[in-house]
Amino acid sequence: MAQVKNKQVILNDYVSGFPKETDMNIVESTITLKLPEGSNEVLLKNLYLSCDPYMRILMNKPDGPSLGRSYDPSSVSHVFYYPLGGYGVAKVLESGHPDYKKGDLVWGVTKWEEYSLVPSAQILFKIENTDVPLSYYTGILGMPGMTAYSGIFEVGSLKKGENVFVSAASGAVGQLVGQFAKLSGCYVVGSAGTKEKVDLLKNKFGFDGGFNYKEEPDLNEALKRHFLEGIDVYFENVGGKTLDAVLLNMRIHGRIPVCGMISQYNLSQPEGVTNLTSLIYKRIRMQGFVVADFYHLYPKFLEFVLPLIREGKIEYVEDIAEGLENGPAALVGLFSGLNVGKQVLVVARE
């Protein structure tokens, strides 16, 4: 049985505050590229890995703030000297499960390493459509795409003609939420952290407007400027001061699907939100969700989004980092806004 070297990214210790590259380490182990007799596991060669904000939550102490372990129910909790868990695209090398065979391409929960042995019960989707870039299955055709789709349509109950605000709007999920809303006949504005990203929103993704939240001294006034009649649906990605300002600008019976709160993940004491009484007076529905609750809709989602990609009706921007050794920097960069679009880590190209 052939043993090969297996480069891995491991967590050195639980993380407090903003993560650093030194919180992770690159190590080399070995792996046997053969399944044990009777195994029902799946042996994968990882091709692309997804860098996502929720991974920061999994680095917290189990009894610390923002427990969030259920944020990704399929991912193993991070243990020292064990590779990080996350979403990726991989090729099946060996399979003990009848649903997968050698040579299949899959996306789902894997580990930050070159080769992974994963339980067959872990989230894995076979990739049937290969006329689009494989890396898209870390983003628009994978977990972020499903997050945008289920969040805006299922949780947000979007209707034609509504006013939609998206925070972190140039990111993996936000850029899709805005475009899905525009395709549904809505007025859409997004916030981002640089002029370059705001320009992307307006010039590439077709948003009606956008602003750099770092340059706005008063977020409440910025929102009033863009939403003269208020906001029907706010797709929540950041939390904190943005959420507080949005609550003042919601319309009656507005909806807030809560996807994430990236501004809070690195704080030892989360920021308070002071305008929650707006939920009462305006009869706002604010609902958190995790994408795994909606994976049964994946075939329906593909029917919706694949034609849009093939016909050039939707844009998707990726930020590509090459090699596992650059994984820590790519992941840490999410929390200072270094990425433009979906951050993807290339492990191997077919």
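The legends below describe close-up views of a predicted model.

In this predicted model, local features need pLDDT of at least 70 and side-chain atom pairs count only at pLDDT 80 or more, whereas totals for chains, interfaces and linings use all residues. Residues are numbered from 1 along each chain as its sequence is written, and side-chain values use heavy atoms, with hydrogens and water left out.

**View 1. Helices α1 and α2 cross in a right-handed manner.**
Helices (H or I, at least four residues) and strands (E, at least two) are DSSP runs, numbered from the N terminus. Two packed helices are described by the angle between their axes and the distance between the axes. The axes of α1 (residues 143–155) and α2 (residues 174–183) come within 9 Å and cross at roughly 45°. Axes are lines fitted to C-alpha atoms, for helices over the stretch in contact, and angles run from 0 to 180 degrees between N-to-C directions. A crossing is right-handed if the near helix is turned clockwise from the far one by less than a right angle, and left-handed if anticlockwise. From α1, the residues P144, G145, A148, Y149, I152 and F153 meet L176, V177 and F180 of α2, where contact means heavy atoms within 4.5 Å. By class, this contact of α1 with α2 has eight nonpolar, one polar and no charged residues. Ala, Val, Leu, Ile, Met, Phe, Trp, Tyr, Cys and Pro count as nonpolar, Asp, Glu, Lys and Arg as charged, and the others, Gly among them, as polar.

In α3 (residues 195–203), the residues K197, V198, L200 and L201 are buried. Buried means under 20% relative accessible area, exposed over 50% and partly exposed in between (1.4 Å probe, protein chains only). The buried residues of α3 pack against β9 and β10. On the face turned away from the buried side of α3 lie the exposed residues K195, E196 and N203.

**View 2. Helix α4 packs against helix α5.**
L219, N220, A222, L223 and H226 are the buried residues of α4 (residues 219–226). Their arc around the axis is only 160°, which puts them on the same side of α4. Their cover includes β8 (163–166), β9 (187–192), β10 (209–212), β11 (231–235) and α5 (240–249). The axes of α4 and α5 are 9 Å apart, at an angle of about 45°, which makes α4 oblique to α5. The contact joins L219, N220, L223 and K224 of α4 to K241, T242, A245, V246, L248 and N249 of α5. It has five nonpolar, three polar and two charged residues.

**View 3. S157 and A168 each have a positive phi.**
Most residues other than glycine have a negative phi. S157, in the loop between α1 and β8, has a phi near 50°. A168, in the loop between β8 and α2, has a phi of about 50°. S157 counts as partly exposed at 28% relative accessibility, and A168 counts as partly exposed at 32%.

Conventions. The arc is that of the directions from the helix axis to the C-beta atoms. Angles under 35 degrees count as roughly parallel, over 145 as roughly antiparallel, 65 to 115 as roughly perpendicular and the rest as oblique.
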